[in-house]
Amino acid sequence: MSEMPLLSARDLQLHFGRIAALDHVDLDIWPGEVVAIVGESGSGKTTLLRVLSGMMAPDAGRVVFDGQDVLAMGEAARRNLMRTQWGFVHQNPRDGLRMGVSAGGNIGERLMAVGARHYGNIRGEATAWLKRVEISPERIDDLPRNFSGGMQQRLQIARTLVTRPRLVFMDEPTGGLDVSVQARLLDMIRGLVAELGLAVLIVTHDIAAARLLAHRILVMRHGQVVEQGLTDRVLDDPQHPYTQLLVASVLAA
Amino acid sequence: MTYDPGYNFAYLDESTKRMIRRAILKGVAIPGHQVPFGSREMPLPYGWGTGGIQVTASILGPDDTLKVIDQGADDTTNAVSIRAFFRRVAGVATTERTAEATVIQTRHRIPEHPLTEQQIIVYQVPMPEPLFRLEPRIAETKRMHALADYGLMHVRLYEDIARHGHIATSYNYPVMVNGRYLMAPSPIPAFDNPKMDQMPALQLFGAGREKRIYAVPPYTGVRSLDFDDHPFRPIRAPHACALCGSRESYLDEVITDDSGGKMFVCSDTSYCTERQTAREAAE
Amino acid sequence: MSWSLRAEGLGKSFTLHLQGGVTMPVLRGLELSVAPGECVALSGPSGAGKSTLMRCLYGNYGAEAGRILLRHGDGVVDIATADARTMREVRRDTLGYVSQFLRVIPRVPALEIVAEPLMARGMARDAALAKAEAMLTRLNLPARLHHLPPATFSGGEQQRVNLARGFAPAYPVLLLDEPTASLDAANREVVIGLIREAKDRGAAIIGIFHDAEVRDRVADRLFAVTPLPEAA
C-alpha cells in the first residue's frame, strides 16, 4: 500500500447562514479505496463531495490531492484534474451527459479533451466501453435521450472512466433508478472499481449499496462525521445513536 | 472625392471609431479572441453586415479603395448597397477588382486572388462563437476559451463523421488561431479556410448583433480542426467553371431552367470576369 | 510459548441507543492466546458470546477494552485500535474468517467469489481461478454451479462456497464460525481435512463447532466462554 493518501481533507467548515453544512470534517482517501458517505438528506454529504472536488469553497479547511492544494489551485488546473485524474458521476445523468451528443461522442469527449485525435481509436475505445457497461455497441450513434435511466447512468459511468481517473466522486449514482436496475448498476460499479483499482468517494443514503461497494464508511449528520470505520464494523456494530437508527431503519442490509 | 456633409466621415462619430479601433487592436494582439464592443445601431438591419460595416467605417481613410462582396459577388444587393453607403458617407473610391482594393468587406467568401500586406479583409460575422449550439451557456463558453478547453469542438466533428462518414461541416468550419484560440471563420466555405493560414493581409471580423470583434494578424497560423485519420479537406464541386473554365476556384451551382438544367460558375465574380477578359484578349 | 493471535483483557458490551441506552455487557477481561498450528474450540452455552468474540477478533465488532494482538507480516497489529486501512490489509494477508452464512453479491459467480481474495493477494487471474475451481471441486460443489451466482444455491452449497473462499488463500490465522453446520457427512470430512492441513502448515485456528465429533477431531483444546452476570 502506498504511504500517502490520494485525497486528504482537514478541518473543513462551511456554514449556510446559521446552519453548519460541514462541521470540522477530516477525511483521507487512499489509492484504490472505496469510501461511502452515508446519512440522511441534508446531512452535508453532497456538500462535502462538492467541497472535496473543488466545486464549492469551504469557509475554512484544506483539501490536498496528490500533494496539490485543491482549494488554492486555479480553475485551469482544477479542470485539468477533473478531466484526467478525477471523475464525477452525478445522480442525474442529465447533469453528466450531453443529451444532444451520441453515446460514442459522450464517451469520446474526455479522450478528445486530453488530446486524442484519431477518430478510429476514439470510436474503438467508445465501443469497448459500451460493452463494458453492458450497452450494445450498436447504440453507439444513438442519443442518450433515447436511453432508459439505467442505461444513461451506465453511459455516464463509461464517459467518466474512459480516461482512467484515479479518483471518482459519485453522488447517489443509483438515486433515481428502479430497484432492479440499481442492483445491476451497483454490481457493474463494483466490478469496474475493483478492476481499475479506482479510489471512489460515493455519497449515498442506500446502506445496502454502501455495504456492497465500500471498504470504509463515514456517517454524517448535521455536517459532522459522527462515526467512521470499516464498512462491516460500522454497519454490524454501530456505536453512535444516529448510526444505530440508520442501520435499524434498513431492511436486511 | 467628397462625402455627404450631413454625416461624419464614414458615418460613425469619431469616439465610436476610437472605441472600435481599440477593440480591433486588442483583437490583433490576441489573435482569435473575441473582443466585446459597443455595437451601434446602423442604418440597415442586423444580418446585413452591421458588424463588418462598423469595422470598415472605423478603419477607412479617405485614400482607401473599397471592395464589397457577398457570397463572392460584387453585384448582389447587399454588396451594392454597402458600397453605395460608403461612397456616400465616406466618399471613398470603390472597385470590383480584388487587386485594386485596400479594404475588402466580405460576406461568406475570401477572394480567389491572393491578398497582400497592403490589404485588409473585413468579414461580416453572424455568430462569432464557434461553441454556440454545443454549449448554450455563454459564461461557460468564455471559460472554455480562457482555459483552451476545446474537446467539445472535436466532439462536433466526431458526430459529423459518425453520422455522415466524413466531416460534413462545409462552411464556418472551426479553426485554431495561432495554436491558442478556437475561432469561427464566419460562414465562408471550408474551401477558403486554407487561405486564412499565413495570409499576408490583416483579417478583421465584426459581429454587429453579437457585439464582438476579433482578428487574425498577418502571417498567423490558422489551422482547421480535424482528426489524424480524417484530415481536413477543402471541398469544391468537381467541375470547371462554365464561364472561365477555372478548375481551382470555388464554384456556385446555378439553376438555369425549370427542368433541372444547371451549371457551375465561379463564386468570385471578379476573378471570373478577369479570367474571361484575359482569355478574350488572348484569342 | 509463541502465539499468532492473542486477546488481552478483552471487553465488549453493546449500548442500544434506540432502547433507552441500555448497555449489555458480553465479554469482560477475556484472555486468549492461540499458537501457530493450534486449533482452539470455543465452548459455552448459546448466547455466552462466542460469536461476539469471533467478530471482535475479526474486527467486525469494535473491541471496547483490552488488546487483540495479531502477528501480521513481520510485526504485530492491535486489532482493537487498528485503522480501517490496516484492517483491510490484515484481512487480505493474515486473517481469514468463515461465517455460517454467505453474503451473496448479485451476479458474481461462485468461482469469482472464491478467486477474489486470491487475486487481492496478487495471484494472477488464471491461477486464482484454477485454484478456486480445485477448491470447489474438493468441496463437492457440482461443476455446473461454479459459474453461477450462489444466490439460488441451497444453504449447504452456499456454505461450501464460503469455505472454499476462506480456505483457498491459506491465511496464517483462521476464524471458523460453525463451518460444518449445514454439511453432510462427506463434506464434513472434507472440512476436517482442510482444517488439519491448515494446522499442519502452521495456521492458528479458532472455531465454534457445535458438531462434537468435528470438534473432537480438530481441536487441540477448548476455551470456555461464559455468560456474564446480567446486571454488571
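**View 1. The interface of chain A with chain B in a predicted model.** In this predicted model, 21 residues of chain A are in contact (heavy atoms within 4.5 Å) with 20 residues of chain B. The area buried between chain A and chain B, that is, the accessible area (1.4 Å probe) that two parts lose on being put together, summed over both, is about 1,800 Å², and carbon and sulfur atoms give 58% of this area. Arg79(A), Arg117(A) and Tyr119(A) supply 39% of the area that chain A buries against chain B, more than any other three residues. Residues are numbered from 1 along each chain as its sequence is written, and chains are lettered from A in the order in which they are written. Because the model is predicted, local features need pLDDT of at least 70 and side-chain atom pairs count only at pLDDT 80 or more, whereas totals for chains, interfaces and linings use all residues; side-chain values use heavy atoms, with hydrogens and water left out.

**View 2. Salt bridges between chain A and chain B.** Across this interface the rule finds 5 salt bridges, each a side-chain nitrogen of Lys or Arg within 4 Å of a carboxyl oxygen of Asp or Glu. One of them joins Arg83(A) to Asp149(B), with the closest N and O atoms 2.7 Å apart.

View 3. Tyr119(A), Ile122(A) and Arg123(A) of α5(A) make the contact with Tyr158(B), Ile161(B) and Ala162(B) of α5(B).

**View 4. The interface of chain A with chain C.** Of the 2 pairs of chains that touch, chains A and C have the most contacts, with 27 residues of chain A in contact with 23 residues of chain C. The area buried between chain A and chain C is about 2,100 Å², of which carbon and sulfur atoms give 53%. The count between these chains is 5 salt bridges, including the one in which the side chains of Lys12(C) and Asp237(A) meet at 2.6 Å, N to O. Chain B and chain C do not touch, their nearest C-alpha atoms being 34 Å apart.

Conventions:
Helices (H or I, at least four residues) and strands (E, at least two) are DSSP runs, numbered from the N terminus.
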